[in-house]
Amino acid sequence: MKLPILGDTTDIANDGLGGLEHNFITSNVESLINWARRRSTWPATFGLACCALEMMATGAAHYDLARYGMETFRASPRQADLMIVAGRVSQKMAPILRQVYDQMMEPKWVISMGVCASSGGMFNNYAIVQGVDQVVPVDVYAPGCPPGPETLMHAIFTLHEKIENDEILKRRDENGGGAGIVIEQRDGQSAGLTIGS
């Protein structure tokens, strides 16, 4: 049985929303899903160094992430879909970071906060992972040492915009990993070390 709007019902049973033909109803469903994803990103923090203090300041009263539905940083990765890696990642911590990432629900997003998480920063040695993208796919890089709350908020807003436009998933498919979006620093500090230096 073929319905004029929905298409073949066996496709819907096998593929879920992917089995629907693209038309005026399904485009609205996709828009609604992306709208909900944007407004329900729940962060699981991975604060490892000085960047974690800036991340905590972002959640405090002055910057107030509660306005965007992100006031509670989740203690359980199973309740989170956004990982903010704040600070340098040691070789011993990398498997734990990957385990937490693997336990998060899909679709999941990663923000690399600070130059140490993004490229190892000033710690160019065997003990520090030279970029968290070697462990988990990164969607947005927030530069700085440490990036201030304004820069982290800009990274979060950039991620929200790309989620709603469905650009993140397209970039992931093209790159075979994270979206790899690099934002500019917004907190008035000098850029200093950049990603990949």
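Is Tyr68 buried, partly exposed or exposed? In this predicted model, in which local features need pLDDT of at least 70, side-chain atom pairs count only at pLDDT 80 or more, and totals for chains, interfaces and linings use all residues, Tyr68 is partly exposed, with a relative accessible area of 29%; buried here means under 20% relative accessible area, exposed over 50%, and partly exposed in between, with a 1.4 Å probe and protein chains only. Residues are numbered from 1 along each chain as its sequence is written, and side-chain values use heavy atoms, with hydrogens and water left out.

The protein chain has 197 residues, of which 42% are buried. Its secondary structure comprises seven helices and seven strands, where helices (H or I, at least four residues) and strands (E, at least two) are DSSP runs numbered from the N terminus. Read from that end, the elements follow the order β-β-α-α-β-α-β-α-β-α-β-α-α-β.

The ring centres of Tyr68 and Phe157 are 4.9 Å apart and the planes stand at 70°, so the arrangement is edge-to-face. Because Tyr68 lies in the loop between α3 (51-59) and β4 (82-86) while Phe157 lies in helix α6 (residues 149-164), the pair ties together parts that are 89 residues apart in sequence. Phe157 is also partly exposed, with a relative accessible area of 32%. The loop between α3 and β4 also holds Asp64, which has a positive phi of about 55° although it is not a glycine and which counts as partly exposed at 28% relative accessibility.

Charges were also found over rings, a placement that requires NZ of Lys or CZ of Arg within 6 Å of the ring centre and within 35 degrees of the ring normal. Arg74 lies over the face of Trp42 at 3.9 Å from the ring centre, and Lys108 lies over the face of Tyr101 at 4.3 Å.

No disulfides were counted, a disulfide being a pair of cysteine sulfur atoms within 2.5 Å. For Cys116 the nearest cysteine sulfur is that of Cys145, 5.3 Å away, which is too far for a bond. Cys116 is buried, with a relative accessible area of 9%, whereas Cys145 is partly exposed at 41%.

On a 1 Å grid over the protein atoms alone, a cavity is a set of points where a 1.4 Å probe fits but cannot get out, and lining residues have an atom within 4 Å of a point. One cavity of 30 Å³ or more was counted, and the largest cavity holds about 30 Å³ of space. Its lining has six nonpolar, one polar and no charged residues.

Cis peptide bonds were found at two of the prolines named here, Pro107 and Pro146. The bond from Glu106 to Pro107 has omega near -10°, and Pro107 is in the loop between α4 (94-103) and β5 (109-113). The bond joining Cys145 and Pro146 has omega of about -20°, and Pro146 is in the loop between β6 and α6.

How values were computed:
1 Å grid on protein atoms, 1.4 Å probe; cavity = no way out; pocket = protein on both sides within 12 Å on 5 of 7 lines; lining within 4 Å. Points joined across faces, edges and corners; volume = space filled by probe spheres on them. Nonpolar A, V, L, I, M, F, W, Y, C, P; charged D, E, K, R; others polar. Phe/Tyr/Trp six-rings, centres within 6.5 Å; stacked < 30°, edge-to-face > 60°.
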